[in-house]
Amino acid sequence: MPVRAFILTSLLQISFFSGIMDKYQEQPHLLDRHLEWMMTLLLDIVRDNGSPPQLVHLAFKFLYIITKVRGYKVFLPLFPHEVRDLQPVLDMLVDQNPKDPETWETRYMLLLWLSMICLIPFDLARFDGNISEEEHTRVPTMDRILAVAKCYLVVSDKARDAAAVLVSKFIVRPDVKQKRMADFLDWTLSMISKSSFQSMEGTVVMNGMLQALAQLFKHAKREDCLPYAATVLECLDNCKLSESNQMVLRKLGMKLVQRLGLTFVKPKVAKWRYQRGCRSLAANLQAQGSVVQSQMTTVAANEADDEEEYDIPGEIENVVEQLLVGLKDKDTIVRWSAAKGIGRITGRLPKELADDVIGSLLDCFSFQETDNAWHGGCLALAELGRRGLLLPSRISDVVPVILRALTYDEKRGACSVGSNVRDAACYVCWAFARAYDPTELIPFINQIASALIIAAVFDRDVNCRRAASGTFPHGIDILTAADYFAVGNRVNCYLTISVIRELSTKALHNLTPRASEYMANVVLPRLLPLSVGTDLHTRHGAILACAEITHALCKLAEENNRSITHYFDEKSLEGLKQIHEEVCLIPFMFFTVSAGWQWLINDSLRSLTFASSTARQHIKESAVSALAALCNEYYINEKGEADSALQDELVTMYVSELQNTEEMVRCGFSRALGALPRFLLKGRLQQVLEGLKQVTLISPGNVSFAEARRDALIAIAKVCQTAGVKGEGSQEEYVCKDNVAQIYAMLLNGVTDYTTDSRGDVGGWVREAAMRSLMEVTLLLVQNEAELIDANICKQIMCCVAQQSAEKIDKFRAHAGSVFLALLHFDHPPIPHIPHREELERIFPRSEKETLNWNAASEAFPRITQLLALPAYQYSVLLGLSVSVGGLTETTVRRYSAQSLFDYMKKIQNDSSALESFCETLLKVFEDNLRNDRVSVPLLTMLDQMLANGCFDTFTMQENHPFPVKLFTLCKEEIKRSKDIRKLRSSIGVFCGLIQFQGDMREKVFFQLFLLLCHPFPVIRKTTASQVYEMLITYSDVLDPAIMDSVLTILSDTNWEAELPVVREKRNCLCDLMNVPKPQLVSKVRRLNPYCFREHVLT
């Protein structure tokens, strides 16, 4: 197999195998029973001397993928480690190029394999024979392995990690440690001393040395490492790794420091530690106190007998100090390593020294410390508790700290930090619940449980809520309700689990009926001063809370037939009035209550521009909701009518604001008009609709006002629903025969909005709103006066929605699909005049109305392409499909939309009338959208694919068929003077596809392609040459075999990105060979003949 083909095949195989293995990332243990046979198969390829190098590298790539998923520690023991493997593996490693970026997996796996082979229980000198008798000096095996390890400890790829593992296995061998351990440690320390973490090269070297030392001190015996530990610690101190910006170096420094600390102290388990009988929380809770107590070792009884006194080296103080500093590091991974080191070393210290460590650790929980120190301190406390090193006597000191950590939140500018601290505090609680006998925690259980419940239900961070809910999964009923998955949804937390309200204040609303007196007499008086305070966040929350509690108390008074003063005293009422005055900046003495609130609503709508993008929608909805409530409460008289002067002033002002130059102001007042009650719309309906119509129109000054057009379309539907339907009624009061056409024209115009800007397809918001409003208005009419819906309007609605359901964006396609099916299957009563209703109901059965997944391209497109067979829908669906099949969308949309279209074309190949009808519609779509790049560019791509897939093979048998002739003319017109590279590239594919049609078409196609061979853009010239080459190979009958080789040679050997004069000469040679007229450079004024286009313009 050629090298290029092998590489491509290998890449595909690696990609496929990685895809399979990645599925096991979360549960890699499922691979365990398959690891041995997979390794055997792959190593058989490696051991086979006949295997080519590329195949060997491929086998090692597969081995690395398995190792990456399962972890090298599990995979390592499976390597064969027989004596016969040593020399071949070592020779393979020596032959590798350490700098080859393509084969690092091979080097990584070979080093791991060698680290396993090094465990063979034979002196390595036996493999050397009698070196002195050799004619040439031969390097001993021991030195060869050590040289390989040193070589790969200073590389920058993954092989460095494997080299560290090799060192940890090799240096600890009895024969090696006697001869080479001291020298190796000297070498590593000298390399560290010479390197600087300020440079990239120094960072790489220090990384390898620190990894090697950490692994070595982890796996070697204490008595072998102890003589060198102090020297290594001194060298490490001199490096000042804590000042490095490299997180990996600081983490490795922490690992090495803790390993050195463990070397200084004897490897014994502290007798004084708290020994719990059960690590399981369930067993811990079920066990009787007396049983657990009998399993515990009493400190006082054993300390005198079992505690062997020994001196603690002075270096331990340095080690512990560095670990405590590491708890405050800026990176979590460093803090976590330091916390584990604190736990391991404390477990080997005498009780008094361990207590000193805990005391120093508690100093991290000072409000002068950063959130990093609090987080590291929590991790260390959890480690100590989990290991039984935090005695019950210290719990009373620790619990208050943990309670503060569970609510830790610190403002930094516009944001807050502390979620990691709260999460770690939950971990401490989790560890304590499993570490201590329940009787030890009884004095603190209420405080801890309350704090955890609050965190599980009300913490704003989802990870903290889940951590708190998972801490005590048994025994506490409320935390059973607030399980790990239930608390993941913030709205569910605040409104369901807490039996309470909108994020925090809606909870108070729901609690008020349960404790109305407490809310009125205690909670509300505490909130009122906060609602006029200086802190913006507190003020906002307090105002919301006052509103929710007041609303709940008002509803409660109404339900119980009581006066509102039953719950509100004079002081509370004055406090609520003060909120109004502070917010509206208008004292009650100057305006009525309604005037004040009306001013606030209007000002809020006018100020939407100044709100953040995330707050605008909420402010707008709140203002509109308040407007509706205000109108219904204050603006209607006893007869159910509005004051004419007030109505005129309000509606006129709101309609005038629709022409505001600020988009957000238009949005707000559009939605406000949609919220007006019927008595305010009466007699003003046409004025309101006309004002909203102006907002929906696109003009040069408001092209980007998509959100305003969206809200206006939503408001039109709301206004229609509020006004009601009366066929013979006045257009000033009802939706009637005189204005229904105008309403539908506004909504249908919205479905054609394809505006784009820096935010993307913002017109999609308008189309979505237009489709929803079309559905709402249509259902309103059909339920009241169905005769107002004529056949033409119904056809336009169904065709527009069908087009949207065939387009590329999943969200909009799904919305259009749901609207389409809702209209089709509505039967209270059925919507009249739906074209091809019976066929549609067969394609979209009523039973699948709810189950059809329009978001899935694999389900949607096979259904929607069936509408191509229905004449009324063919044009619209084909227009939508053009954008999906030829668009720059994700692969799944392109694949399924294209395949569905090709399947339909295959079905109609033998139906000449259906095929002719389809082609006419296709040309009509192209003609109607000439120079409309949104449609024409993907349409060209779709045509290229259809021609390549033989969709028009029936016409290739006929000479000069009108379809390819018209298509050629349209393509030529589309690219005329175009500088759009994507459009030009797509047209090249179409021109090459048209070569299959017989007649005069072929000469025209060749001429057009030869024009493009000399296009000013080199990329177009190169693409044209490549595609013409492929075209001639595919359709070999279009060219005389005698000149085929010459033509292909020119196309393949010419550098089409060269200067134009050079390229033009080669192009003209092709013209001479193929008897095609040469394009001529002519003046801009005149043309010589139909084929002599202005080459300086077109090429």
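**View A. Trp430 of this predicted model is partly exposed, its relative accessible area being 32%.** Buried here means under 20% relative accessible area and exposed over 50%, with partly exposed in between (1.4 Å probe, protein chains only). Tyr427 also counts as partly exposed, at 22% relative accessibility. Both Tyr427 and Trp430 belong to helix H22 (residues 419-435), where they stand 3 residues apart, about one turn of the helix; helices are DSSP runs of H or I with at least four residues, numbered from the N terminus. Residues are numbered from 1 along each chain as its sequence is written, and side-chain values use heavy atoms, with hydrogens and water left out. Because the model is predicted, local features need pLDDT of at least 70 and side-chain atom pairs count only at pLDDT 80 or more, whereas totals for chains, interfaces and linings use all residues.

**View B. Aromatic pairs include Tyr427 with Trp430 and Phe432 with Tyr436.** Rings of Phe, Tyr and Trp (its six-membered ring) pair if their centres lie within 6.5 Å, and planes under 30 degrees apart count as stacked, over 60 as edge-to-face and the rest as tilted. By this rule the model holds 22 aromatic pairs. Tyr427 and Trp430 are stacked because their ring centres lie 5.9 Å apart with the planes at 25°. Phe432 and Tyr436, both of them buried, form an edge-to-face pair, with 5.4 Å from centre to centre and 85° between the planes. Elsewhere, Phe365, Phe367, Trp374 and Tyr408 are linked by ring pairs into a cluster.

**View C. Arg767 and Arg934 are placed over aromatic rings, those of Phe812 and Tyr754.** A charge sits over a ring if NZ of Lys or CZ of Arg is within 6 Å of the ring centre and within 35 degrees of the ring normal. The charged end of Arg767 is 5.4 Å from the centre of the Phe812 ring, while Arg934 lies over the face of Tyr754 at 3.4 Å from the ring centre.

**View D. Val688, in helix H37 (residues 685-696), is buried at 0% relative accessibility.** With contact meaning heavy atoms within 4.5 Å, and with neighbours within four places in sequence left aside, Val688 touches Val651, Val655, Leu673, Leu681 and Val719. Ile716 is 28 residues from Val688 in sequence, and their C-alpha atoms are 8.7 Å apart in space.

**View E. The second largest pocket has a volume of about 670 Å³.** On a 1 Å grid over the protein atoms alone, a pocket is an open set of points with protein on both sides within 12 Å along at least five of seven lines, whereas a cavity is a set where a 1.4 Å probe fits but cannot get out; lining residues have an atom within 4 Å of a point. Of the 28 residues lining this pocket, Tyr72, Lys73, Gln215, Lys251 and Lys255 are the closest to its centre. Among the elements that give two or more residues to the lining are helix H3 (53-70), helix H11 (200-219) and helix H13 (247-264), and H13 gives the most, with 6 residues.

How values were computed:
Grid points are joined across faces, edges and corners, and a volume is the space filled by probe spheres set on the points.
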